[in-house]
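Reader: Could we go through this structure together? I would like to ask about individual residues before the overall arrangement.

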Amino acid sequence: MLYQDFLTNQKRLIHKVTHYFPVYERYFNKFVNQSVIFWEIGVFQGGSLQMWKRYLGPFATIVGIDINPDCKNFEEHQIHVRIGNQTDTTFLRSVIDEFGAPDIILDDGSHIMSDVCATFQYMYDKVSKNGVYIVEDLHTAYWDEYGGGLKREGSFIELCKDLMDSINARHNGLPRAFADATFSMSVYDSVVAFEKKEWREETYHVQMTPSTVFAQLFFYIDEQYGEERSLTETVLVKDNQYKVAFDVLGYAGSGGKLPMMKEIRFDPAAEPITFTITESKVIYSNGGSQHLKITFSNAEMSESGRYTFHHNDPILIFDSSEVDFTSVEHICFSGIIETLN
Ligand SMILES: C[S@@+](CC[C@H](N)C(=O)[O-])C[C@H]1O[C@@H](n2cnc3c(N)ncnc32)[C@H](O)[C@@H]1O
């Protein structure tokens with residue numbers, strides 16, 4: 001355990017705050033015994049570099065960065081020290097070129113806000129795609145002599161507040177680079193930790209799982225499918241069988257009346273499923289009703305009223321030409337969904 005190692009350390013001096021240890025273990029644990037490239041900015045007496053070596057194991061490459069040339073003395077097997085300023089991008093580039101992209105960066109360097117921000121802004125996208133970036137001792141973000149202060153422009157904490165918007169760039173129109181490279185950012189007392197992950201188009205995918213079998217209806221109006229959904233009730237009847245009922249009470253913007261529809265798309269959440277239709281009808285405003293003749297496309301019909309759907313090919317179409325939509329108030333479907341997986 002890393003904390004135990006720190007408490008019983010008899011080697012070089014380590015300068016850490018004890019409550020950082022649960023944070024370190026949370027983010028660094030997955031790199032133990034891996035071929036990890038670990039950068040610590042700020043070497044001081046070299047003790048923390050030795051601790052990372054002991055913790056991460058024999059495949060780790062530990063790279064210490066410090067402005068003080070004396071730190072070069074702390075090199076040993078697996079531990080490399082490079083002397084330079086953490087804000088010097090030419091120097092940082094040379095260290096990347098020498099060792100490869102870091103998997104972990106721990107910034108324990110000058111703790112001056114402009115330095116911390118500059119290093120992060122240059123190095124964050126250089127960290128490997130499943131890597132981790134941690135900045136510690138961020139109490140200095142509130143200390144005047146380090147360029148900090150509560151809500152003071154230019155502090156790393158203020159930058160993080162902006163990054164909270166950036167991590168949600170898929171939903172607010174901001175540039176996507178940070179969101180596309182980041183899984184999480186977590187704020188602790190004096191520490192901020194970033195976990196990277198590569199997002200691709202298919203990463204963001206809304207999906208319901210088979211255990212909550214559910215299906216949606218989409219209305220095809222004006223040559224496109226609307227987003228609005230019917231009310232749906234799903235009841236587990238036995239094992240993998242669910243009874244579903246769609247009761248379309250009205251369409252948003254239609255003033256409570258259903259507009260003319262050509263077709264409805266049925267979108268089951270589970271894949272594949274069979275759907276046995278037990279009832280399908282329209283109910284008119286005068287209380288009358290009419291059986292809906294349903295035809296499906298992209299579904300295999302195995303027997304009357306029993307259809308097999310595959311989630312990525314889920315289109316159900318019903319022919320509405322016989323329905324007078326000017327006076328339809330409800331459309332009802334009900335049946336049994338059975339998951340086949
Ligand atoms: C808090 S100490 C590091 C402690 C060490 N990581 C440990 O846990 O034992 C900070 C170190 O950052 C170095 N430092 C200060 N300003 C720097 C800068 N601009 N670039 C790189 N290193 C810097 C100092 O020389 C000092 O050794």
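Reader: Where is glutamine 78 placed?

Author: In this predicted model, glutamine 78 belongs to the loop between S2 and strand S3 (79-83).

Reader: What is the value of phi there, at glutamine 78?

Author: Phi of glutamine 78 is near 75 degrees, which is a positive value in a residue other than glycine.

Reader: And why does glutamine 78 count as partly exposed?

Author: Glutamine 78 has 19 C-beta neighbours inside 10 Å. A residue is called buried if 20 or more other C-beta atoms lie within 10 Å, and exposed if there are 12 or fewer, so a count in between gives partly exposed.

Reader: What about lysine 151: is this residue buried or exposed?

Author: Lysine 151 is exposed, because 9 other C-beta atoms lie within 10 Å. Lysine 151 also has a positive phi, about 60 degrees, although it is not a glycine. This residue sits in the loop between strand S5 (132-135) and helix H6 (156-166).

Reader: Where is glycine 100 found, then?

Author: The loop between helix H4 (89-99) and strand S4 (104-107) holds glycine 100. Glycine 100 is partly exposed, because 13 other C-beta atoms lie within 10 Å.

Reader: How far apart in space are glycine 100 and lysine 126?

Author: Their C-alpha atoms are 9.4 Å apart, while the two residues are 26 residues apart in sequence. Across the chain, residues 24 or more positions apart account for 62% of the contacts with a separation of 6 or more.

Reader: Changing topic: which strands make up the open sheet, and in what order?

Author: The open sheet has seven strands in the order S3-S2-S1-S4-S5-S7-S6, with mixed pairing. S3 and strand S6 (182-188) stand at the edges, each with a single partner strand, so one side of each has no neighbour in the sheet. From one strand to the next, the twist averages 15 degrees.

Reader: In which sense do S2 and S3 pair?

Author: S2 and S3 pair in the parallel sense, over five bridges. Isoleucine 65 stands opposite arginine 82 in S3.

Reader: Which helix packs on the sheet and touches S4, S5, S6 and strand S7 (191-196)?

Author: That is helix H2 (residues 21-28), whose direction makes about 5 degrees with that of S7. H4 lies across S1, S2 and S3, and runs at about 165 degrees to S2.

Reader: How many residues of H3 are buried?

Author: Seven of the 10 residues of H3 are buried, and the helix is mostly covered. The buried residues are Ser48, Leu49, Gln50, Met51, Trp52, Tyr55 and Leu56. What covers them includes helix H1 (2-7), S1, S2 and S3. Just after H3, glycine 57 takes a positive phi of about 95 degrees.

Reader: Which element gives the most to the largest nonpolar core?

Author: The largest nonpolar core has 46 residues, and Phe38, Trp39, Ile104, Ile105 and Val135 touch the most other members. H3 gives the most to this core, with five residues.

Reader: Why would such residues gather at all?

Author: In soluble globular proteins, nonpolar side chains tend to be buried together.

Reader: What does valine 135 touch?

Author: Not counting residues up to four places away in sequence, valine 135 touches Asp107, Val116, Phe120, Phe156, Val191 and Val192.

Reader: On to the ligand: which residues come nearest?

Author: There are 21 residues around the ligand, of which Gly42, Phe44, Ser48, Gln86 and Ser110 come nearest. Strand S1 (37-41), helix H3 (47-56) and strand S2 (61-66) are the elements that give two or more residues to this shell.

Reader: How do the residues of that shell divide into nonpolar, polar and charged?

Author: The shell around the ligand has six nonpolar, 10 polar and five charged residues.

Reader: One more pair of strands: how do S13 and S14 pair?

Author: Strand S13 (residues 273-284) and strand S14 (residues 289-291) pair in the antiparallel sense over three bridges. They form a hairpin with four residues between them, and glycine 287 in the turn has a positive phi of about 95 degrees. Isoleucine 283 stands opposite serine 289 in S14.

Reader: Lastly, how many helices and strands are there in the chain?

Author: The chain has seven helices and 19 strands. Of its 341 residues, 30% count as buried.

Notes
Residues are numbered from 1 along each chain as its sequence is written. This is a predicted model: local features need pLDDT of at least 70, side-chain atom pairs count only at pLDDT 80 or more; totals for chains, interfaces and linings use all residues. A residue is near a molecule or strand if its C-beta atom, placed from the backbone, lies within 6 Å of it. Ala, Val, Leu, Ile, Met, Phe, Trp, Tyr, Cys and Pro count as nonpolar, Asp, Glu, Lys and Arg as charged, and the others, Gly among them, as polar. Two residues are in contact if their C-beta atoms, placed from the backbone, lie within 7 Å. Two strands pair if DSSP finds at least two bridges between them. Axes are lines fitted to C-alpha atoms, for helices over the stretch in contact, and angles run from 0 to 180 degrees between N-to-C directions. A nonpolar core is a set of buried Ala, Val, Leu, Ile, Met, Phe, Trp, Tyr and Cys residues joined through C-beta atoms within 7 Å.
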